[in-house]
Amino acid sequence: EFEIEAVDVLAKLPKDFNEKIFTVAKWTEKKEMLDELVKLANSPKVAPGDFAELTKTLKRLTGDSMVVVVATSIQALAALAKGLKKDFAQYARNSTSTLFDRLKEKDRRVVEACHTALDAYLAGCVSVTDMVDDLTVALGPKGIPKSKSEVLKFLTRSIDSKVAAFVPKTHKPVFEAII
């Protein structure tokens with residue numbers, strides 16, 4: 001049996017990545033930088049490290065005016081979550097509310113990227129219990145209707161998955177009825 005070698009994403013990124021991505025002139029350059037990050041992070045195992053600054057940068061990019069930049073920054077979060085698993089837990093907790101908020105977008109690429117990232121968070125980083133506060137806000141009176149619908153789809157999927165086996169199956173019809 002062989003062990004998969006971890007990819008050191010932080011070492012392979014340009015040292016000024018977090019600053020440069022906000023200063024490049026064209027959105028296509030941002031997208032290329034993010035594509036490179038996604039390519040690096042899309043490995044079965046990512047070496048642990050301090051991803052606080054990079055996660056903060058990716059969260060900030062979810063507010064970009066170009067939807068392809070938004071979607072790709074979310075794809076990068078998903079790839080990091082898949083590669084780092086539990087080592088990404090603190091960053092997942094800090095970015096869940098951002099992903100729930102982005103579920104309001106009209107663009108399917110952004111919504112699908114959010115769902116992929118949330119599923120990755122749930123699969124290896126955090127539990128539904130860790131998301132309770134963010135879920136409460138997203139589904140509360142100040143939540144956006146489109147976001148609420150997408151959050152409920154996520155919850156239904158999480159109940160269906162074996163990852164969330166601790167949630168009683170009796171709750172599933174409640175979520176489906178709400179959707």
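Throughout these close-up views, a residue counts as buried under 20% relative accessible area, as exposed over 50%, and as partly exposed in between, with a 1.4 Å probe and protein chains only. The model is predicted, so that local features need pLDDT of at least 70 and side-chain atom pairs count only at pLDDT 80 or more, while totals for chains, interfaces and linings use all residues. Residues are numbered from 1 along each chain as its sequence is written, and side-chain values use heavy atoms, with hydrogens and water left out.

**View 1. Arg108 and Glu150 form a salt bridge.** A salt bridge is taken here as a side-chain nitrogen of Lys or Arg within 4 Å of a carboxyl oxygen of Asp or Glu, and in this pair the closest N and O atoms are 3.8 Å apart. Arg108 belongs to helix H7 (residues 108-124) and Glu150 to helix H9 (residues 145-160), so the pair, 42 residues apart, links distant parts of the chain; helices are DSSP runs (H or I, at least four residues), numbered from the N terminus. Arg108 counts as partly exposed because its relative accessibility is 41%, whereas Glu150, with a relative accessible area of 4%, is buried. Through salt bridges that share partners, Arg108, Glu112, Lys146, Glu150 and Lys153 are joined into one network.

**View 2. Lys30 and Asp64 meet through their side chains in a salt bridge.** The N to O distance is 2.7 Å.

**View 3. Asp101 and Lys104 are paired in a salt bridge.** Their side chains meet at 3.4 Å, N to O. Asp101, at 30% relative accessibility, counts as partly exposed, and Lys104 likewise counts as partly exposed, at 28%. By the rule used here, the count comes to 11 salt bridges.

**View 4. Helices H6 and H8 cross in a right-handed sense.** The axes of H6 (residues 89-102) and H8 (residues 132-139), which are lines fitted to C-alpha atoms over the stretch in contact, come within 9 Å and cross at roughly 15 degrees. The two helices are therefore roughly parallel to each other, a term that applies to angles under 35 degrees. Arg93, Thr96, Ser97 and Phe100 in H6 meet Asp134, Leu135 and Ala138 in H8, contact meaning heavy atoms within 4.5 Å. The residues of this contact divide into three nonpolar, two polar and two charged.

Definitions and conventions
Axes fitted to C-alpha atoms, helices over the stretch in contact; angles between N-to-C directions. Parallel < 35°, antiparallel > 145°, perpendicular 65-115°, else oblique. Left-handed = near helix turned anticlockwise from the far one by under 90°. Nonpolar A, V, L, I, M, F, W, Y, C, P; charged D, E, K, R; others polar.
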